[in-house]
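Visitor: I would like to go through this model piece by piece. Please show it to me.

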Amino acid sequence: MSDDWASLAPVQSWRAGHFVWPGGRTKVVLLGGLGTRTGDAERSFSGLVRYLQERGGYDPRRDVLEATYAGTEKNGVWHPSAYTPPDTRRPLIDAAEAVASCLDWYRQVLPSDTRLCVLGYSLGGVVGLDGATLAVARDRQAWHDRLGAVVTLAAPLRGCSVGALMNFAWLITADFDGLGAAGRDLDARWTDPEEQTRLERRAAFLRSSGTRVLTLVDPDDSVVRPEESLLPAPGESLNDLQLRARFSRPGSLGHGALLDDPLVWQRVFSVLGPQTQSSARPTVDPIDEELKALKARLRKEGRIR
């Protein structure tokens, strides 16, 4: 996108009723887990987002975005679109393609000095890492200095070792459809040594490109185990990446507790850093402009003072 100020107005998002704003140099891109739909990630990460707002100066409306598990191809160009729970059960490569497309879409509509930081929970961490790798690999020059971090929380990056128990995903999702193709892919990944090697290469590739990759897990999580979820950086120990959550979401079997723990928020913030301003010229909020126009009309009609 051109850096001309005229092109730096907020852009209508692929999400209905949302805009993508220039301004903050760091944009946080959230990905929810299995069985979620568009908008759920914001609720799942609400505690962390409040922390980033209070400690780091992030604007929840302007600096926090959401990635998607779905998209459509039009005239040879892939466009992100809203997703529903069945989309999270598709093959991992399909979800990664959608995430890569969504990240590329954000990169193109934001100023050139804006960096994206991907935060993925559970299955969202898996497709977040895969999708980010795919996006950068497709166009390294365009992504130079644009992907600041990929952070995964309780994500079965290496696959899932619970085998047939994956068919009982309703224990944590209240859905009787199981994990679908995504679950079968995770099971296959866990038992495939070559895929394990490729996964480690993905993390190394991102790190060599200047992206911080942080993988965190709760050792008391009954759904995702440490051996399934950690990709330590050189010099980083497995113990460094295991944070025992002090809170628990009822009925979650400990899965997702990391999202509610301030110690985890601090760890994530240490990777993202405080918000700073990009070179984008301050822009007018179209919603504020609509409200001003409405007030002006009501005053003219004598309905308000």
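This is a predicted model: local features need pLDDT of at least 70, side-chain atom pairs count only at pLDDT 80 or more; totals for chains, interfaces and linings use all residues.

Visitor: Is Ser 13 buried or exposed, and at what relative accessible area?

Guide: Ser 13 lies in the loop between strand S1 (11-12) and strand S2 (19-20); helices (H or I, at least four residues) and strands (E, at least two) are DSSP runs, numbered from the N terminus. Buried means under 20% relative accessible area, exposed over 50%, and partly exposed in between, with a 1.4 Å probe and protein chains only. Ser 13 is therefore buried, at 9%.

Visitor: Which residues is Ser 13 in contact with, leaving aside neighbours within four places in sequence?

Guide: Contact means heavy atoms within 4.5 Å. The side chain of Ser 13 also reaches the backbone nitrogen of Arg 15, at 3.1 Å. With neighbours within four places in sequence set aside, the contacts of Ser 13 are His 18, Phe 19, Val 20, Trp 105 and Tyr 106.

Visitor: How are H4 and H7 oriented to each other?

Guide: Axes are lines fitted to C-alpha atoms, for helices over the stretch in contact, and angles run from 0 to 180 degrees between N-to-C directions. H4 and H7 pack at about 60 degrees, with axes 10 Å apart. Angles under 35 degrees count as roughly parallel, over 145 as roughly antiparallel, 65 to 115 as roughly perpendicular and the rest as oblique. H4 and H7 are therefore oblique.

Visitor: Which residues of H7 does Thr 133 contact, beyond four places in sequence?

Guide: Thr 133 is in helix H4 and is buried, at 9% relative accessibility. The H4 residues that meet H7 include Leu 129, Thr 133 and Val 136. Thr 133 itself contacts Arg 202, Phe 205 and Leu 206.

Visitor: What do the buried residues of helix H2 pack against?

Guide: Helix H2 spans residues 46-56, and its buried residues are Gly 47, Leu 48, Val 49, Tyr 51, Leu 52 and Gly 56. Just after H2, Gly 57 takes a positive phi of about 75 degrees. The buried residues of H2 pack against strand S3 (26-31), strand S4 (64-66), strand S7 (115-121) and helix H9 (262-272).

Key: Residues are numbered from 1 along each chain as its sequence is written. Side-chain values use heavy atoms; hydrogens and water are left out. A polar contact is a pair of N or O atoms within 3.5 Å; within protein, one must be able to donate a hydrogen and the other to accept it, and residues adjacent in sequence count only if both atoms are side-chain atoms.
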